Amino acid sequence: MANEPRDPMQLEKPMFILGNGEVYRNQTEVKMSQIVLPCHANYCGELSAGQLLKWMDSTACLSAERHAGCSCITASVDDIHFETTIGVGQVVNITAKVNRAFTSSMEVGILVSCEDLFSDRQWKVCHAFATFVARRTEAGKVQLKQVIPRTQAEQMEYSLAAERRRMRLIHAEIINDLLSSCSSQTVSECLDYQEAVPAERTRVESVELVLPPHANHQVSTFGGQIMAWMENVATISARCTVPILLQSNLMIKKDI
């Protein structure tokens, strides 16, 4: 997808002035900027999605821990849709803040944008939501303090966070119902495709040894690193279908 230039001001939030004249700033907000180096790129010369997930998870974790006042771990990450790719030499800007806190878990909103320093262009990459859980302390289970939304945008995210949490809780039940209702007819439909790839050919396994570079500030393997490993394996699995897809496209062009 082509990078569409946007006005940098469109990605910046308008200032919210408090009653005492001070500019409001969300105390849980954490910002991180990273320049994409060749070591962060994949075989296409673009920022690896796994590397971006690691940066997103680290930024969101700091936001969650700032609110909780204790160590937090990644519980889940909602579906992420990347709107564009990021090239080497461009700057990734990540902003994370807690949308709402529940008993011991909280939803963290993550906004990722890309910036080209030489053309002064900025554009949105993705907007994601992650759930973090506060770790137990010596005193027992943590009771998180509530988030007080101030701006209109924060109030909207605060309200939507409760609905998103409800959807996450019933997601597993929905998937189980779909699997139980799946019949052999679905398998027969897949066999009708002449250029279908056997599922076994897309099977990829990976065994990773956890080393010190894979640990976070809590000296444990964090969610971002695990997601990076998952993304790498998924990419290899997806590429198993590329030769056949390319062959099919060539055949179509010849027929035309």
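**Close-up views of a predicted model**

**View 1. The largest nonpolar core of the predicted model.** The largest nonpolar core holds 35 residues, and those with the most contacts inside it are Leu52, Met106 and Ile110. At least two residues of this core are supplied by each of helix 1 (49-68), strand 3, strand 4 (105-116) and strand 5. Helix 1 gives the largest share of the core, with 8 residues. Not counting residues up to four places away in sequence, Ile110 is in contact with Met56, Ala60, Ile94, Thr95, Ala96, Cys126, His127, Ala128 and Ala130.

**View 2. The largest cavity and the residues that line it.** The model contains 1 cavity of 30 Å³ or more, and about 40 Å³ of space lies in the largest cavity. The lining of the largest cavity is made up of Leu53, Met56, Asp57, Val77, Ile80, Ile110, Ala130 and Met227. By class, this lining has 7 nonpolar residues, no polar residues and 1 charged residue, and its largest share, 3 residues, comes from helix 1. Ile110 is named both among the lining residues of the largest cavity and among the residues with the most contacts inside the largest nonpolar core. Met56 and Ala130, which also line the largest cavity, are both touched by Ile110.

**View 3. The salt bridge between Asp78 and Arg168.** The total for the model comes to 8 salt bridges, and one of these joins Asp78 to Arg168, with the closest N and O atoms 2.8 Å apart. Asp78 lies in the loop between strand 2 (72-77) and strand 3 (91-101), whereas Arg168 lies in helix 2 (residues 152-181), so the pair ties together parts that are 90 residues apart in sequence.

**View 4. The salt bridge between Glu83 and Lys124.** In the pair formed by Glu83 and Lys124, the closest N and O atoms are 3.6 Å apart. This pair links distant parts of the chain, as Glu83 is in the loop between strand 2 and strand 3 while Lys124 is in strand 5 (residues 121-134), 41 residues apart. Glu83 counts as partly exposed, with a relative accessibility of 29%, and Lys124 is likewise partly exposed, with a relative accessible area of 24%.

**View 5. Arg164, Glu157 and the network of salt bridges.** Arg164 forms a salt bridge with Glu157, and the closest N and O atoms of this pair are 2.9 Å apart. Arg164 has a relative accessible area of 17% and is buried; Glu157, with a relative accessible area of 13%, is buried as well. A network of salt bridges links Asp78, Glu107, Glu157, Arg164 and Arg168, and within this network the pair of Asp78 and Arg168 has its closest N and O atoms 2.8 Å apart.

**View 6. Arg136 in the loop between strand 5 and helix 2.** Arg136 is placed in the loop between strand 5 and helix 2. With a relative accessible area of 64%, Arg136 counts as exposed because this value is over 50%. When residues up to four places away in sequence are not counted, Arg136 touches Lys141 and Val142. The C-alpha atoms of Arg136 and Cys70 are separated by 8.6 Å, although the two residues are 66 residues apart along the chain.

Definitions and conventions
Residues numbered from 1 in each chain as written. Predicted model: local features only at pLDDT ≥ 70, side-chain atom pairs only at ≥ 80, totals over all residues. Heavy atoms only, no water. Salt bridge = Lys/Arg side-chain N within 4 Å of Asp/Glu carboxyl O. Helix = DSSP H or I, 4+ residues; strand = E, 2+ residues; numbered from the N terminus. Buried < 20%, exposed > 50% of the residue type's maximum accessible area, 1.4 Å probe, protein only. Contact = heavy atoms within 4.5 Å. Core = buried A, V, L, I, M, F, W, Y, C linked by side-chain atoms within 4.5 Å. 1 Å grid on protein atoms, 1.4 Å probe; cavity = no way out; pocket = protein on both sides within 12 Å on 5 of 7 lines; lining within 4 Å. Points joined across faces, edges and corners; volume = space filled by probe spheres on them. Nonpolar A, V, L, I, M, F, W, Y, C, P; charged D, E, K, R; others polar.
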